[in-house]
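Have the structure open as you read.

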Amino acid sequence: MKTLSKLILLIFLSASFMACQKSSNGPSNERPGPDKGPVIGNGDAVDKTLHMAFKTPDWERKIDCTHLDLDPIGLNDSTSYVSATSASTNETFYFSFPRDSSVMIKPSNIKKYGITRVGANKKPFEFSQTLPIIANSTTKLVSLAGSSSDSYNEVLEIKYIGVKGNYAQFQIKCRYSMTMGETLNESNKRLVTGTFHFKIKTKRI
């Protein structure tokens with residue numbers, strides 16, 4: 001009887017061990033957090049804080065984007081964009097990116113892209129903006145289209161940070177340089193530089 005009891009106990013313990021091992025090695029349903037998802041590129045040159053920054057010959061600002069949570073707007077079958085206006089500076093930006101999450105994390109995305117005329121983004125990772133010529137001015141500067149050593153948006157780092165609703169969510173770090181012209185006199189130009197680091201969403205694939 002004792003031998004039978006020991007045999008039953010041994011079988012039970014073996015079954016428990018196998019079940020535990022299977023659970024440990026099996027797939028996880030955990031949604032990755034900021035430190036768990038894949039990262040492509042190296043964005044150490046850009047501030048870790050979520051922000052939008054610009055510097056003109058006349059003034060500069062760094063705008064807090066901690067609470068910026070924008071849903072993507074479709075441009076075409078392959079591209080979405082986001083846009084926002086800062087209440088404190090009256091700066092407005094447009095940033096376009098791939099619609100699909102599977103495209104978003106390709107290492108080949110880490111490179112320089114063109115600047116477009118304000119609001120004329122068409123392809124992934126293009127950037128454009130408009131802002132006052134000086135603080136509190138009603139006269140605006142607008143980005144002018146270009147792709148050169150002084151006109152570019154450089155994607156430095158893309159980090160997957162998890163799922164939100166129907167979207168995959170990423171953080172992206174970029175630095176840019178652009179020629180901007182005065183709205184009523186585009187021959188009056190300024191070289192504007194800056195960085196941005198904020199969250200974007202793509203379709204889950």
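Lysine 164 makes a salt bridge with aspartate 69, with the closest N and O atoms 2.5 Å apart; the term here means a side-chain nitrogen of Lys or Arg within 4 Å of a carboxyl oxygen of Asp or Glu. Lysine 164 sits in strand β10 (residues 152-164) and aspartate 69 in the loop between β3 (60-64) and β4 (73-74), so the pair ties together parts 95 residues apart in sequence. Strands are DSSP runs of E, at least two residues, numbered from the N terminus. This is a predicted model, where local features need pLDDT of at least 70 and side-chain atom pairs count only at pLDDT 80 or more, while totals for chains, interfaces and linings use all residues. Residues are numbered from 1 along each chain as its sequence is written, and side-chain values use heavy atoms, with hydrogens and water left out.

Aspartate 69 also pairs with lysine 201, the closest N and O atoms being 2.9 Å apart. Lysine 201 belongs to strand β12 (residues 185-203), so this bridge ties that strand to the β3-β4 loop across 132 residues of sequence. Lysine 201 is buried at 5% relative accessible area, whereas aspartate 69 is partly exposed at 36% (buried is under 20%, exposed over 50%, partly exposed in between, with a 1.4 Å probe and protein chains only). Asp69, Asp71, Lys164 and Lys201 are linked in a salt-bridge network.

Elsewhere, glutamate 154 bridges to arginine 175, with closest N and O atoms 3.0 Å apart. Glutamate 154 is in β10 and arginine 175 in β11 (residues 167-182), so the pair ties together parts 21 residues apart in sequence. The count comes to seven salt bridges.

Terms used
Helix = DSSP H or I, 4+ residues; strand = E, 2+ residues; numbered from the N terminus.
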